[in-house]
Amino acid sequence: MAAEEQAHSNKPYVFEHFRLGYVGFAIPWAWVFELAHRRTSASSSYDNAAVLFLMLAAGMLFFVALRKLSKGGGVEKLLHWPMAILAAISIVLISLPHLGVIVIPDVVGFAVAGVAGAFMYLSWVPFYSSVDLRSAVACAFASMVVSSVLKFALDVMPLLLGNVCLIALPLCLPYLLNQASAHMPPKDTPLIYFGSARQSFPYLVLLGVAVCAFVIGVAPAVSPNAVTEPVALYSFAQQSISVLAALAVLWWVFAYRGKLHFTNTWRAIVIIVSTALLFLPNIDSELAGWALVLVGVAQAILVAVLWCMLADVAHHSSANRFTVFGFAWVCYALPLALGRLAGGLLANLDNVVFVIALLSYALTVTGILSLNERNFIESQIFRDLDMPETGHSMYASIDEGCEHLGARYKLTGREVEVLKLLCKGRSKSYIAETLVISENTVRSHARHIYRKLDVHSKQDVMDMISEKRN
């Protein structure tokens, strides 16, 4: 009876059996954000935020390469106490110039912090890639709420106290990681959609993420006179809106039982960033500060959606999970750093309004391309939220499931081929081109398949493939 109630309840396991570790992802999220917006010493001549994100991208690639060279042996131990100690050391290096102790430029501290931040993010990869999508969405957006609270608290703290907290937060991370790992939600047996690392990367989607991240990096620089004082007011506004956005997603998915469509969430991010970008060069300094608040909110939503997307892809891929997260996260961090560097150059141009319009155009075009209907990976993202709740899949892959259904319901060989492509999100025109048949023939096969299976839609077929073992 309890299992039956759980199946009909839309509340995820992590909410019913809450542990503090489930929101531990908030620590690297808030830590990296705060460093990117940290006040630097007067002697610094670098864009330390750009250095931070450049080294974060480099740290991701370094760990992926190191793990591959060592074949995974012992390298993951770096993602626990060594990572926490490295993060604490980086804050000490950043703090020294503020205390009048100029041993080395604080840019070195930001470079070390970038590598430590990469390791902090990667430390959550095993957890998020192992849990079902409902738990991943619940943990990620709950972490977004907690990270927003942490960001505001760090923003309004005196600099010295804030640095102490930035040293302490990474040292809490190993405990939270252990707690989350010790209380894992019930595991399912996921369908394998992606058989290799190459198949696992949503290239067009990541192109859209890269362009959006670049524009987010550029935005503050093209409006250097934007008023963001008092810090407490603007920080409170940005983090409050971020909290409301995260709570809205959690309510929509788990209380209202609405569908979380990747296409709709991505469009919302693009619209927010494009709108802020449109107004930044054309409004006064006070309004520009509020436009930057919108950009900050869009960035927070982008991080949450991207992390959930990677958790979903890694969960359904046979590729190494660190490779999936590492390379994809570089597509966010590296363009963000390049945007920070390019922003300073663009701000000095006479035709900056035209450049901003060009960036908005590029963001819109890549958004359209990344949501192309033939993008199979995009069509699979967040599909599990429409499936029955956590259980054990009857089959190991879509192809295997379709073959079993074909044998059970006496489908022809051609009908099985069509069924496999339909279940993988392919359009009828794509199927026609692939199988060298007409679209009318595809429609005819689809009608025969649905009649034999006694279903009415592709989703009904996916439900049959994903049904739980008794």
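This is a predicted model: local features need pLDDT of at least 70, side-chain atom pairs count only at pLDDT 80 or more; totals for chains, interfaces and linings use all residues.

**Entry 1: a nonpolar patch.** Two helices, α11 (203–218) and α16 (352–370), each bring at least two residues to the patch. Helix α16 gives the largest share, with 5 residues.

I picked out F354, which sits in helix α16. Is F354 buried or exposed? Its relative accessibility is 54%, and the cut-off for exposed is over 50%, so F354 counts as exposed.

**Entry 2: the overall fold.** I then stepped back to the secondary structure and counted 22 helices and 0 strands in the protein chain. Of its 470 residues, 55% are buried. I also checked how far along the sequence the contacts reach. Among contacts with a separation of 6 or more, 83% join residues 24 or more positions apart.

**Entry 3: the cores.** How many residues does the largest nonpolar core have? I noted 124, and the residues with the most contacts inside this core are W31, W124, Y128, F141, W329 and Y332. Helix α14 (residues 285–315) contributes the most to this core, namely 20 residues.

Leaving aside residues up to four places away in sequence, F141 touches A246, V249, L250, A304, V305 and C308. I also wrote down a second, separate core of 24 residues, with A432, A446, M462 and M464 among them.

**Entry 4: one alanine.** My last stop was A57, which lies in helix α4 (residues 48–69). Buried or exposed, I wondered of A57? Its relative accessible area is 4%, and buried means under 20%, so A57 is buried.

I looked up what A57 touches, again not counting residues up to four places away in sequence, and found V330, A333 and L334. I checked one pair by C-alpha distance as well: A57 and F327 are 270 residues apart along the chain, yet their C-alpha atoms are separated by 8.5 Å.

I end with two residues to look at side by side: F354 is exposed at 54% relative accessibility, whereas A57 is buried at 4% relative accessible area.

How values were computed: Residues are numbered from 1 along each chain as its sequence is written. Side-chain values use heavy atoms; hydrogens and water are left out. A nonpolar core is a set of buried Ala, Val, Leu, Ile, Met, Phe, Trp, Tyr and Cys residues joined through side-chain atoms within 4.5 Å. Buried means under 20% relative accessible area, exposed over 50%, partly exposed in between (1.4 Å probe, protein chains only). Helices (H or I, at least four residues) and strands (E, at least two) are DSSP runs, numbered from the N terminus. Contact means heavy atoms within 4.5 Å.
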